[in-house]
Amino acid sequence: MARKQSGKRPEPAGLREVLRVPAGRRLDLRRFDPRALPSGPRDKAAALAAAVPTGQRLASLQERLYAASTAGDRRRLLLVLQGMDTSGKGGTLKHVIGMFNPSGCRIRAFKEPTPEERSHPFLWRVEQALPLPGEIGIFDRSHYEDVLIARVRELVPRSQLGRRYAQINRFEQALADDGATVVKVFLHISYEEQRKRLLERLDNPDKHWKFDAGDIEERTLWPEYRHAYELALERCSTEAAPWYVVPADRKWYRNWAIAQLLLEHLEALAPQYPKADFDVEECRIRLLST
């Protein structure tokens, strides 16, 4: 016997469910549309209108997270941003992370390893940049460079690469066990959109500082980088630290989606202001008497 329909619409799935890379499944990034609008606003105007209330809620949750840390709460959040050149890592920092109080953020951009960093295991430099309890950490590129560019440029033997995926999973599991919420975002941009953005940098003298002639050579390795990302997302999307694929051809949607992902994760943490460990009324009386 068929169940009677209640007439009530089902609750829409959270963006975490919509964009999450399932653990242990083969991944083909060619099947993901970089211009897709899988959930949320359907145009730029709607996304911009949502930014103000979202920003207010993010700022409130950030303050609560930081306040809770003063009472011993070890929780914090780490946002990992990865993507092809011009996919919008810098834009995300400007438009999304700008919603937070900068004093509670720890931002680190990972470039080519320094001689000192090369003298240590590959996770060493990442460990030095992790957010403290109560903080929001943001990585512009990350430890995943050591299984991405290292694979494409054959900087280490393949056998060593295979071990690195397992090391990363253990590292991220340890972070989660210690109270860190790890949000890993792959900014999915198309080959055509990257060309457009690189041309915009060439056409604008004020953007020449952002252009690197090496980006042209890197484009010739697009299939190799795509495959390297597919392997990293397949092997390192876990329950403790899942990957999310964010369509990034539309900058306004990219910004909305990442802000929404952060909001959903912080709301799930539900940080609370700590209760006073002093007599409020007694302190009020003393203060009024001064």
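How many of the residues of β5 are buried? In this predicted model, 5 of the 5 residues of β5 are buried, and the strand is mostly covered; buried denotes under 20% relative accessible area, with a 1.4 Å probe and protein chains only. Helices (H or I, at least four residues) and strands (E, at least two) are DSSP runs numbered from the N terminus. Residues are numbered from 1 along each chain as its sequence is written. Local features need pLDDT of at least 70 and side-chain atom pairs count only at pLDDT 80 or more, whereas totals for chains, interfaces and linings use all residues; side-chain values use heavy atoms, with hydrogens and water left out.

In a regular strand the side chains alternate between the two faces of the sheet. In β5 both faces are covered: W243, V245 and P247 are buried on one side, and Y244 and V246 on the other. The strand pairs with β4 in the parallel sense over 5 bridges, where pairing requires at least two DSSP bridges between the strands. Within this arrangement, H188 has P247 of β5 as its bridge partner.

The structure also holds 6 aromatic pairs. Rings of Phe, Tyr and Trp (its six-membered ring) count as paired if their centres lie within 6.5 Å; planes under 30 degrees apart are stacked, over 60 edge-to-face, and the rest tilted. The rings of Y144 and W243 have centres 4.9 Å apart and planes at 70 degrees, so this pair is edge-to-face. It joins distant parts of the chain, 99 residues apart: Y144 belongs to the loop between β3 (136–140) and α6 (145–152), and W243 to strand β5 (residues 243–247). Both Y144 and W243 are buried.

F186 and Y229 form a tilted pair, 4.6 Å centre to centre with 45 degrees between the planes. Because F186 lies in strand β4 (residues 180–188) and Y229 in helix α10 (residues 222–236), the pair ties together parts 43 residues apart in sequence. F186 and Y229 are both buried.

Two arginines are placed over rings. The charged end of R164 sits over the ring of F122, 4.7 Å from its centre, and R219 lies over the face of Y191, at 3.8 Å from the ring centre. The criterion is NZ of Lys or CZ of Arg within 6 Å of the ring centre and within 35 degrees of the ring normal.

Note on methods:
Buried < 20%, exposed > 50% of the residue type's maximum accessible area, 1.4 Å probe, protein only.
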